[in-house]
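This report describes selected local features and pockets of one protein model. The sequence and structure are shown first.

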Amino acid sequence: MRPEPTDVGYLANRFARLMRARMADNLSPTGLTPQQAAVLLSVVHAPGVSTPSAVAGRLGMDRPTMTGLVRRLERDAWLEVTPNPGDSRSHLLAPSPRATAALADIEDAAARVTCALVGVVGAQRVSELAALLAEAGDALEASPEMKGVR
């Protein structure tokens, strides 16, 4: 059965796909993917200790995906990965000097995508969309009724 054009899941997925594509275009000068940029921004801006597990939780990624991203980011000198002195089973993530130097470019790429959306639908609508997406996401995470829905 094909999803209806008004199906929320279909529309959310389409919007996310289009935003990722625009973000990829804007990030291309840095050589980062949208997922890699999200990991770096989470490490830079999240308070407290950043472990792969904590970043994966914040970004809603599974562990194998996060492991691959961290390995590539470390290999390409975007992240510094050190053993966690408080837990020998985990590692600590920190932005490398390369990441710190590129931080403004990464944040500007995200801002350009948002500004382009504002230019098309207006600031008020983008603000409403952001609030609705946050509320809907929180509801899906917290709702016992949604836990069994696949």
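In which strand is A94 found? A94 belongs to β2, the strand of residues 91-95; helices (H or I, at least four residues) and strands (E, at least two) are DSSP runs, numbered from the N terminus. The model is predicted, so that local features need pLDDT of at least 70 and side-chain atom pairs count only at pLDDT 80 or more, whereas totals for chains, interfaces and linings use all residues. Residues are numbered from 1 along each chain as its sequence is written, and side-chain values use heavy atoms, with hydrogens and water left out.

A94 counts as partly exposed because its relative accessibility is 30%; buried means under 20% relative accessible area, exposed over 50%, and partly exposed in between (1.4 Å probe, protein chains only). Not counting residues up to four places away in sequence, A94 touches V43, W78, L79 and E80, where contact means heavy atoms within 4.5 Å. A94 and S50 are separated by 44 residues in sequence, and their C-alpha atoms are 7.3 Å apart in space.

A77 lies in the loop between α4 (63-75) and β1 (79-83). Its phi is near 65°, a positive value in a residue other than glycine. Most residues other than glycine have a negative phi. A77 counts as partly exposed because its relative accessibility is 38%.

The pockets are considered next. On a 1 Å grid over the protein atoms alone, a pocket is an open set of points where a 1.4 Å probe fits, with protein on both sides within 12 Å along at least five of seven lines; lining residues have an atom within 4 Å of a point. Grid points are joined across faces, edges and corners, and a volume is the space filled by probe spheres set on the points. Ala, Val, Leu, Ile, Met, Phe, Trp, Tyr, Cys and Pro count as nonpolar, Asp, Glu, Lys and Arg as charged, and the others, Gly among them, as polar.

| Pocket | Volume | Lining residues by class |
|---|---|---|
| Largest pocket | about 1,000 Å³ | 20 nonpolar, 6 polar, 1 charged |
| Second largest pocket | about 280 Å³ | 8 nonpolar, 1 polar, 3 charged |

Of the 27 residues that line the largest pocket, A12, F15, A16, M19 and L133 lie nearest its centre. Two or more lining residues come from each of α1 (8-27), α2 (34-45), α5 (97-121) and α6 (123-142), and α1 provides the largest share, 10 residues.

The lining of the second largest pocket includes F15, M19, R22 and R112. Here α1 and α5 each supply at least two residues, and α1 gives the most, with 7 residues.
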